Each structure stands twice: as C-alpha cells, then as structure tokens.
Amino acid sequence: MRGPLTHKDLDVWKRALCLAELTYRVSRSFPSEERFGLTIQMRRASVSILRNISEGAARRARAEYVHFLHIARGSLAELDAQSSLAARLNFGAGVMHGLQEEIDRVGKLLGAQISALKRE
C-alpha cells in the first residue's frame, strides 16, 4: 500500500484545516478593537500551521519535511499562547475550550508525524 498522495490526504493536514476554520469562527466574536491585534495574529498563526504542513509534504527530502513540521509546531505554540490570552480576556466566551482541544489534537498529530518521519 502506498502512502498519502498529497498533503490533503494527511490526517494532520485535515485537523490543521479544521483548526484554522475554528480559529476564524471563534475570532469573529472578538471585540472590534482586536481586529488588527489578537484576531489577525491568531488567524495568521492558524494558517501558518496549515501552510507549513502543506509545503513540507511537497518537499522531496524527508529532512525538509520535518523542518517544516517543526515550523508548524512553532506556529501552533503561538496560537496556543494567543488563545490562552484570549480566554483570560474573556474573548470568545464559551468556545475557547473547543479551540484549545483542537490545538491539543493538532499538536499530538504533529508530534506523531515528526516521530514517524524520523524513524523512517
């Protein structure tokens, strides 16, 4: 059996897409004065995760792929910090827990993908 055909076949990419979508939905409810602050930063971080998984999967060398997955993990850490601040400021009340769960899910998948590539 052969591996994934494109980045869109990867579970980690699919979950990262869900995370980006959820980030956009959650940040819609943030105060308007945060439109150019926390809202845009969270959205950019979530898209960066998705983008780096995509770019890494398109690379021919395994080491390059792992490098881009590490960048995605860094962006995930940014999003985690930003969502923690948003929760402390009571932005997105009632939905931040779901965002945190998705961040944790993507983090586990990224870690597993990195480990699997390093074992190969």
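Contact means heavy atoms within 4.5 Å. The model described here is predicted.

Helix H1 runs over residues 11–27. From its first C-alpha to its last, H1 reaches 24 Å with its 17 residues, close to the 24 Å expected at 1.5 Å a residue. Its buried residues are Val12, Trp13, Ala16, Leu19, Ala20, Thr23, Val26 and Ser27. They are on the same side of H1, because the arc they cover around the axis is only 145°. An α-helix has 3.6 residues a turn, so residues three or four places apart point the same way.

## Helix H2 and serine 46

Helix H2 covers residues 38–58. Its end C-alpha atoms are 30 Å apart, which agrees with the 30 Å that its 21 residues should span at 1.5 Å a residue. The buried residues of H2 include Leu38, Met42, Ala45, Ser46, Ile49 and Ile53. Among the elements that cover the buried residues of H2 are H1, H3 and H4.

Serine 46 belongs to H2. Is serine 46 buried or exposed? Its relative accessibility is 0%, so serine 46 counts as buried. The side chain of serine 46 reaches the backbone oxygen of arginine 43 at 2.9 Å. Leaving aside neighbours within four places in sequence, serine 46 is in contact with Ala20, Thr23, Tyr24 and Leu79. Of these, Ala20 and Thr23 are among the buried residues of H1, and Leu79 is among those of H3.

## Helix H3

Helix H3 runs over residues 62–88. H3 has 27 residues, and from its first C-alpha to its last it reaches 39 Å, close to the 39 Å expected at 1.5 Å a residue. Its buried residues include Tyr65, Val66, Leu69, Ala72, Leu79 and Gln82. The buried residues of H3 pack against H1, H2 and H4.

Valine 66 lies in H3 and is buried, with a relative accessible area of 9%. Not counting residues up to four places away in sequence, valine 66 touches Ile114, Leu117 and Lys118. The C-alpha atoms of valine 66 and glutamate 21 are separated by 24 Å, and these residues are 45 residues apart along the chain. Histidine 67 is also found in H3, but histidine 67 is partly exposed, at a relative accessible area of 47%. Between the C-alpha atoms of histidine 67 and isoleucine 53, 14 residues apart along the chain, the separation is 9.8 Å. Glutamine 82 is another residue of H3; its relative accessibility is 12%, so glutamine 82 counts as buried. Outside the four places on either side in sequence, glutamine 82 touches Leu38, Gln41, Met42 and Ala45. Leu38, Met42 and Ala45 are among the buried residues of H2.

## The nonpolar core

In soluble globular proteins, nonpolar side chains tend to be buried together. Which residues of the largest nonpolar core touch the most other members? They are Leu19, Met42, Ile49, Ile53 and Leu110, out of 28 residues in that core. H1, H2, H3 and H4 are the elements that give two or more residues to this core.

Isoleucine 53 is one of the residues of the core that touch the most other members. Setting aside neighbours within four places in sequence, isoleucine 53 is in contact with Leu10, Val12, Trp13, Ala16, Tyr65, Leu69, Ala72 and Leu110. Val12, Trp13 and Ala16 are among the buried residues of H1, whereas Tyr65, Leu69 and Ala72 are among those of H3.

## The loops and the aromatic pair

A pair of aromatic rings is described by the distance of the centres and the angle of the planes. How many aromatic pairs are found in the whole structure? The search finds 1. It is formed by phenylalanine 30 and phenylalanine 91, 5.3 Å centre to centre with 45° between the planes, and it is tilted. Phenylalanine 30 lies in the loop between H1 and H2, and phenylalanine 91 in the loop between H3 and helix H4 (96–119), so the pair ties together parts that are 61 residues apart in sequence. Both phenylalanine 30 and phenylalanine 91 are buried.

Asparagine 90 is also placed in the loop between H3 and H4. Most residues other than glycine have a negative phi. Asparagine 90, although not a glycine, has a positive phi of about 60°. Its relative accessibility is 61%, so asparagine 90 counts as exposed.

Technical notes. Residues numbered from 1 in each chain as written. Predicted model: local features only at pLDDT ≥ 70, side-chain atom pairs only at ≥ 80, totals over all residues. Heavy atoms only, no water. Helix = DSSP H or I, 4+ residues; strand = E, 2+ residues; numbered from the N terminus. Buried < 20%, exposed > 50% of the residue type's maximum accessible area, 1.4 Å probe, protein only. Polar contact = N/O pair within 3.5 Å; in protein donor to acceptor, adjacent residues only side chain to side chain. Phe/Tyr/Trp six-rings, centres within 6.5 Å; stacked < 30°, edge-to-face > 60°. Expected span 1.5 Å × (residues − 1). Arc of directions from axis to C-beta. Core = buried A, V, L, I, M, F, W, Y, C linked by side-chain atoms within 4.5 Å.
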